[in-house]
Amino acid sequence: MKQVHRKPEPYVSTTNACKLCKPLGACLAFRGIEGAVPFLHGSQGCATYMRRYIISHFREPMDIASSSLGEKHAVYGGGPNLKQGLKNVMSKYNVGMIGIATTCLTETIGDDVPTIVNEFRRDFVDEMEAHGSPALVRVSTPSYAGTHIEGFHATVKAVVDQLAEETEPHQGISLFPGFVSPADIRYLKEIIEDFGLQGTILPDISLTLDGPALKDYEKLPSGGTPICEIKAMGGSRAAIEFSRSLSAKYTAGGLLDQRFGVPLHSLGMPIGLRESDAFFEVLEGLSGREMPEKHALEQGRLIDAYVDGHKYIFDKRAIVYGEEDLVVGITGFLAEIGVRPVLCASGGRSGKFEQAIAQVAEGLLPEPPEVREGVDFFDIAEEAEALEPDLIIGNSKGYHLARKWGVPLIRVGFPIHDRFGGHRILHLGYRGAQSLLDTIVNTIIEAKQEHSPVGYSYI
Amino acid sequence: MKVWKIPAYMGIQAPKRQQVGQASCLSHQYSRAGPWPSLDLSFGGHGPPTWLNGVRTMTTQIFAERQDQIHRKGDQPFQMSCDKESLAGAVSQRACVFCGSRVVLYPIADALHLVHGPIGCAAYTWDIRGALSSGPALHRLSFSTDLQETDVIFGAEEKLYKALVELIDRHEPKAAFVYSTCIVGIIGDDLEAVSKRVEREKGIPVIPVQSEGFKGNKRAGYNAACKAMLRLIGTGDTSNVSELSVNILGDFNLAGEIWIIREYFERMGLEVVANITGDGRVDDIRRAHGAALNVVQCSGSTMDLAKMMEEEYGTPFMRVSYFGVEDMAESLYNVARFFADKDPEIMQRTADLVKSELTTLYPALEKYRRALSGKKAAIYVGGAFKAFSLVKAFRLLGMDVVLVGSQTGTEEDYRELHEITDEGTIIVDDSNPLELAAFLQEKDVDIFVGGVKERPIAYKLGVGFCDHNHERKEALEGFVGMLNFAKEVYSTVMSPVWRFVPRKGEGRSLRAPAPLRSVSNR
């Protein structure tokens with residue numbers, strides 16, 4: 001394969017980042033655990049900024065506690081504030097777990113969080129017991145090393161690392177879906193149940209970040225992965241993990257495999273037909289059942305829709321950006337439906353992005369898309385203009401490009417700050433592909449209709 | 001046709017008081033009935049809440065350490081503690097020093113705003129505020145040095161230098177602000193030295209902003225921003241500035257608000273020299289010292305700059321508010337009075353302006369006032385000064401304010417709130433979601449006014465909400481802003497959706513529509 005464009009020289013500065021910082025991913029992951037309060041060890045602003053950012057997408061309460069470090073703590077160490085903060089969180093929230101993530105400040109001043117937390121456990125035995133001995137899980141998330149997605153995965157791994165125990169083997173499977181929407185998680189649960197399997201999804205934000213209207217304000221939202229199930233993960237009969245961009249040595253699934261010998265099925269995010277097929281095949285194998293009819297029909301309808309919709313979208317040129325695994329999944333899906341991904345970009349730097357894109361698009365594309373790791377929206381814009389895209393697929397942060405070029409933006413992933421219901425977007429499985437396909441086809445039709453001098457009402 | 005009588009004090013006779021340069025608050029005369037002809041409107045149905053458990057849980061939601069930051073009017077003499085560091089683990093609604101600086105300087109549209117730090121600080125402040133510009137929009141881009149591990153270990157001065165040069169060459173800004181973040185405060189990069197070097201080479205002002213997140217709270221960030229701007233002021237030519245001129249401080253042109261205010265001042269015959277900082281321009285700020293008066297809104301954010309300018313250039317200042325009818329009118333009159341000696345006609349022009357605005361406003365407001373009268377409101381905002389105006393604006397709509405608080409109010413601010421609110425009102429400093437939720441339940445409010453972080457608290461409880469923060473897309477300042485505010489409040493309070501939320505429990509009066517045909521299950 002011949003690269004048409006040369007990769008541009010990287011700029012020193014970052015303009016309009018296509019990534020977020022590591023502790024944000026940690027907070028999101030912790031939020032998917034039952035009774036957990038995310039706790040940032042750092043200055044107050046980090047927690048507040050991330051709360052605002054997350055709330056704008058999910059439109060749900062998102063409490064993140066902070067050790068609220070001031071100047072003297074930065075000089076003398078943040079330990080006392082961290083301990084006081086943990087005590088306060090325990091006394092006000094009926095916590096099952098406090099998830100402590102560090103920030104660039106506390107990493108740099110050198111606070112030894114594991115030691116501080118151990119001291120806390122030792123010095124506050126009575127308080128801990130009085131509040132039901134909540135789990136204290138800590139994760140190191142310096143913002144200067146990696147993106148929110150690395151923070152997310154590091155946190156899932158830390159939770160498993162610090163909670164999972166050697167237990168009797170059981171029939172449950174452990175599923176690590178990565179950062180997907182509450183709607184996706186609800187659908188995954190349904191699928192697992194339909195196969196007659198018992199599964200634990202970590203993290204599970206399906207209710208904690210998309211809950212019903214309530215009579216009383218819940219200090220902590222209901223839902224989330226039960227801690228007892230995380231503890232029992234060591235006895236799972238299998239684990240499934242969605243990520244083509246991460247090496248298993250950095251993931252929770254890899255850890256279960258290495259420490260407890262739990263067989264790991266490492267899959268891509270099941271976006272589009274083929275990646276979904278791969279997921280369903282694993283479930284068929286694990287359950288010993290054929291695909292339930294409901295899902296077989298959804299698969300069949302999806303292929304039917306591929307056919308019905310193909311002419312509207314064939315050879316349209318798309319730019320896809322965002323988190324690597326999401327971009328990989330979407331790219332594979334676009335390749336299946338005949339849309340041509342011309343640029344795949346991410347702020348992440350896994351080193352495996354290009355290879356993953358090649359895997360999911362294999363046999364489907366006349367030429368591979370340009371693939372860019374570690375880029376920002378300035379880089380994307382610079383390259384994309386010459387590529388003459390027909391549509392852009394990604395989160396809200398690319399809207400300015402869509403507007404500038406007069407090209408539609410199809411919103412997926414996080415954050416979706418300029419539309420309603422972003423957290424209810426379904427990406428995964430046959431059903432997610434169906435919904436994405438309808439959206440893409442209709443978007444293209446709408447653009448054509450809008451720009452048509454005739455104004456067809458029948459297309 | 002109904003003839004609208006404009007209340008006397010809103011009309012020609014301007015109120016007396018308010019000395020220039022004195023940071024006293026606005027009117028203390030708040031008649032409960034309001035300036036409006038009283039309307040005979042009874043609003044029943046506000047009996048005791050059906051969900052009293054909020055009251056029961058109330059005491060458990062407040063940290064012992066925070067007891068003295070909460071005051072209930074009527075319980076005891078006013079005494080409140082504030083301006084403290086946030087309590088660890090309490091989920092404060094506050095932000096940090098960086099946030100304070102970023103808010104204030106952000107709207108300067110032809111400057112480069114480079115955040116020196118890891119990516120988060122820049123990413124979370126990318127184009128999030130509706131601070132509009134009538135021209136350049138460089139402020140809407142998010143620039144960062146995106147520090148990596150090696151930068152933290154070896155220092156990042158060279159990276160900062162290169163980033164500045166690269167971005168200045170690319171965008172040709174009129175000036176550059178370089179924001180320090182937590183980590184820069186720890187690794188000790190010399191921002192001052194790098195800035196000087198780039199300033200020399202590029203020939204534009206390059207100004208470091210000492211906004212390390214942990215070095216205080218948002219107020220410290222305001223101060224750092226003011227200090228940064230002071231370095232620009234005094235460097236421009238003021239020879240053609242009129243003696244009838246003002247700078248507008250503390251307005252960020254959210255939803256185009258500063259354009260409304262500028263138009264008022266221009267109708268009064270005043271030249272606006274610099275917008276600080278809404279729709280702001282570097283060259284205007286450089287000649288801001290030529291203005292005859294600084295009018296300062298949002299006391300928290302730019303009051304420091306007003307004081308610095310008074311000290312350095314002798315520019316007097318005046319505190320104003322553009323929210324609500326009373327404060328808007330009074331602010332214009334106070335400004336007019338300041339110039340009355342130089343321009344004897346200005347009082348009349350101002351009175352005409354106020355009169356003409358109110359003549360259209362009052363009839364338009366009537367519909368909303370009629371619907372909203374007697375409803376209960378809760379307020380939790382960043383700065384207390386905005387809360388004063390909101391209390392009065394709600395009063396104009398005939399509504400009761402039962403909770404009012406701020407992230408960064410001073411003791412003087414809270415004393416003022418104590419003065420202007422009714423018995424039983426809760427006044428709170430640096431609150432958190434658990435407290436706010438408990439207060440909303442206890443007071444059974446109809447609407448909560450706050451920012452994005454407060455919205456889900458209200459909505460989860462089935463309470464209406466109005467965004468009065470930096471992300472708002474509706475202009476709420478000026479006379480027209482009062483109408484927009486009424487519409488905003490109306491559009492949430494009057495929505496039918498509250499009739500279905502669980503909070504209304506037994507009070508939910510709507511049954512399912514009768515079926516067309518029903519078959520009994522036997």
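Two residues are in contact if their C-beta atoms, placed from the backbone, lie within 7 Å. All views show a predicted model, in which local features need pLDDT of at least 70, side-chain atom pairs count only at pLDDT 80 or more, and totals for chains, interfaces and linings use all residues. Residues are numbered from 1 along each chain as its sequence is written, while chains are lettered from A and ligands numbered from 1 in the order in which they are written.

**View 1. Helix H14 of chain A against helix H15 of chain A.** Glu324(A), Val328(A), Thr331(A), Gly332(A) and Ala335(A) of H14(A) meet Phe353(A), Ala356(A), Ile357(A), Val360(A) and Ala361(A) of H15(A). Seven residues of this contact are nonpolar, two polar and one charged (Ala, Val, Leu, Ile, Met, Phe, Trp, Tyr, Cys and Pro count as nonpolar, Asp, Glu, Lys and Arg as charged, and the others, Gly among them, as polar). Helices (H or I, at least four residues) and strands (E, at least two) are DSSP runs, numbered from the N terminus.

**View 2. Axes of H14(A) and H15(A).** H14(A) spans residues 324-337 and H15(A) residues 353-361; their axes come within 8 Å and cross at roughly 25°. H14(A) is therefore roughly parallel to H15(A) (angles under 35 degrees count as roughly parallel, over 145 as roughly antiparallel, 65 to 115 as roughly perpendicular and the rest as oblique). Axes are lines fitted to C-alpha atoms, for helices over the stretch in contact, and angles run from 0 to 180 degrees between N-to-C directions.

**View 3. The open sheet of chain A.** Four strands follow the order E7-E6-E8-E9, with parallel pairing. E7 (199-201) and E9 (264-267) stand at the edges with a single partner strand each, so one side of each has no neighbour in the sheet. Neighbouring strands are turned by 15° against each other on average, direction ignored. Four bridges join E6(A) (residues 173-176) to E8(A) (residues 238-242); strands pair if DSSP finds at least two bridges between them. Ile173(A) stands opposite Ala238(A).

**View 4. Helices across the sheet of chain A.** H11(A) (residues 252-260) lies across E6, E8 and E9, at about 155° to E9(A). H12(A) (residues 273-287) lies across E6, E8 and E9 too, at about 165° to E9(A).

**View 5. Chain B where it touches chain A.** Here 62 residues of chain B are in contact with 55 residues of chain A. H5(B) gives the most to the chain B side, with five residues. That side has 36 nonpolar, 14 polar and twelve charged residues. Two bridges join E1(A) (residues 14-15) to E3(B), and these strands run antiparallel. Phe143(B) is the bridge partner of Thr15(A).
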